[in-house]
Amino acid sequence: MSGDDVRTDAGVPVREVYAEGDVADGLADRLGTPGSPPYTRGPYPTMYRGRLWTMRQFAGFGSPEEANERFHFLLERGQTALSVAFDLPTQLGYDSAHPAARVEVGRVGVAIDTAEDMVDLFAGLPLDQVSVNFTINATAPIILAMYLVAAERQGVAEADLAGTLQNDILKEFLARKTFVFPPEPSLRLSCDVVEFATGRLPRFNPISITGYHAREAGCDAVQELAFTLASAIAYADALVARGLDFDSFAPRLSFHFATTMDLFEEVAKLRAARRMWFEIASARFGAKDPSSGRLRFFSGNSGTTLTAQQPLNNIIRSTIQCLGAVLGGAQSIHVMGYDEAFEIPSEEAVTLSLRTQQIVALESGVPRTVDPLGGSYYVEALTDEIERRAGAILAKIGELGGMAEALEAGLPQQWIAASAFRIEKEIADGSRPRVGVNVHADQREAVELPQLFETDASIAERQVARTAARVAGRDARACAVATEQVERAAGEGVNVMPSLIEAVRTGATLGELSDVFRRVFGEFREPRPW
Amino acid sequence: MSAPRVLLAKPGLDGHDRGIKVIAMALRDAGAEVIYLGLRRSIDEIVHAAVQEDVDVIGMSTLSGAHLPLSTELVEALRGEDVSIPVVVGGTIPASDISALLERGVAAVFPVGTSMPEVVDAVLALAARERIAP
């Protein structure tokens, strides 16, 4: 940290000390007041004084029973909402019995084959009282249909459902990679969900537009911000092209950012994100409703900043990242488990993650006042600079025709890979310190953790048997008729949501309905990067 | 001697390709010829490409926890084809699984926490050994 060339993680030059002259004129206009345009200081006037952020640990594994047990475990310990992790077969449209699924069932999340599974997943969890986040994308319309049927079974009205469906397919092509169908029909399915939810699910966010996964794949904070806003523009353009009024859906668009280790840069990024989205909503989309430009976001801590070496250090890393999310004004937060470099978190680790949030919330005093870093010469200068740099990338993506076109050209993917390689080289040569890895590495420290999560191998067999029994017990004719309606809607460009709800109600499986979409839309295979 | 040839691929369903792409770039920087097949490749595709491209080492990466069945299938499929190309495996692999992987015929395991230079050195050493004693 010596010499003149000191930079942030994203490469923004940093002065030794900041003073009034380092902040451009007109700051008051760029800030506004909290809860008012341009929302730099926060989406709500009282922020955490009015209501703390939602503590939402991402969880799910095994069959619906195991995941349901983990949900109860978290809620009993003071978690305030749920966030469902699905296994890869569910994310990619395969039933648990599919040959491609067999070694992956229940591993990275819960296996869901039928609407009955969704009913079991939320057993004893009143859906009008607990908000639920679903990390699901290619199969998001099917999962939403199953969730609506589960709510219906509980006697909960659609208008009372609160939560978020990730449903951001563009970033699957960018980074997360659970795409199934080609980009164009994929974007259409995402928009079908948003269109369906608009007006009908007033408390539910039908999409969470995210730069998080690009960041985890290796890009920097500035690129993350630009990719997120470029995707938001692409969805809004597509929805407006369908004839929807921007103000009808924009207030329910939600966002998802990573919060990593460079504390002030992360806070500056989150503040810049709000200001930039307000500007885009007003100038580009002519928003008349101020809440159309009010960016609300979920913050996930960064798993890639955590290390296998000296794993307890990860608790400290996560605490700093949680603090960054709070100082940046997050609406909901997930804190990584300290054992996440090895496995999905143990009960001990996930409890510590929740306790981290609770200690920041209840002991640190940070939530006492809104945007406590507002007015800091450094943070304001950095907020302005990140806005400028992200704006330049956004303009470049615009020149390529937009996010979908940029992805097709493969450019953002190349930027991410190049950045990931640079970071790894810096770790290898020591210029990017990682305590316990390339500095203060203690050879005697054991890497073994006391308690690691273990997947139960019999879960897959039980899940396959359960689905087979349910398929055998359904009204086959009604199911075939309803599934045919989905195929017709998909083929004719009609919104697929109403027919999907009917189909899952008759017992159609996630794999069967995904096969319908595969037949109509085809499958996407990623071209080789080199 | 011509450049060592390395085939990299991700079997299974997981999409975490940051690690394998970084390794591809690092191996290339170190002078190897790298063929990266990409995501969600079947075992058959990997075996076929390895033979077709006449590679010295096959590297697979998986972060979903399915490393034991997937690497076993790959090693057995190669044996079934009478192909003796060494297989290395990277990803979120708990220390307790490393010996099981080695017993099943995997040549080297790179669990989380392995540095990029360690992976590159090990892969290049394996490739060199293949060329001396094929």
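Modeller: Helices (H or I, at least four residues) and strands (E, at least two) are DSSP runs, numbered from the N terminus. This is a predicted model: local features need pLDDT of at least 70, side-chain atom pairs count only at pLDDT 80 or more, and totals for chains, interfaces and linings use all residues. Residues count from 1 along each chain as its sequence is written, while chains are lettered from A in written order.

Colleague: What follows just after H17(A)?

Modeller: Gly430(A), with a positive phi of about 90 degrees.

Colleague: What makes a residue of H17(A) buried, and which ones are?

Modeller: Buried means 20 or more other C-beta atoms within 10 Å of its own, with C-beta atoms placed from the backbone. Trp415(A), Ile416(A) and Phe421(A) are among those that qualify. Their cover includes H10(A), and also H1 and H5 of chain B.

Colleague: How many residues of chain A are in contact with chain B?

Modeller: 32, against 26 residues of chain B. Contact means C-beta atoms, placed from the backbone, within 7 Å. H17(A) gives the most to that side of chain A, with five residues.

Colleague: Why are S2 and S6 of chain A called edge strands?

Modeller: Two strands pair if DSSP finds at least two bridges between them. The open sheet runs S2-S3-S4-S5-S6 in chain A, with parallel pairing. S2 and S6 each have a single partner strand, so one side of each lacks a neighbour in the sheet.

Colleague: What makes S5(A) and S6(A) a pair?

Modeller: They share two bridges, in the parallel sense. Thr164(A) stands opposite Asn205(A) in S6(A).

Technical notes. Two residues are in contact if their C-beta atoms, placed from the backbone, lie within 7 Å. A residue is buried if 20 or more other C-beta atoms lie within 10 Å of its own, exposed if 12 or fewer, and partly exposed in between; C-beta atoms are placed from the backbone.
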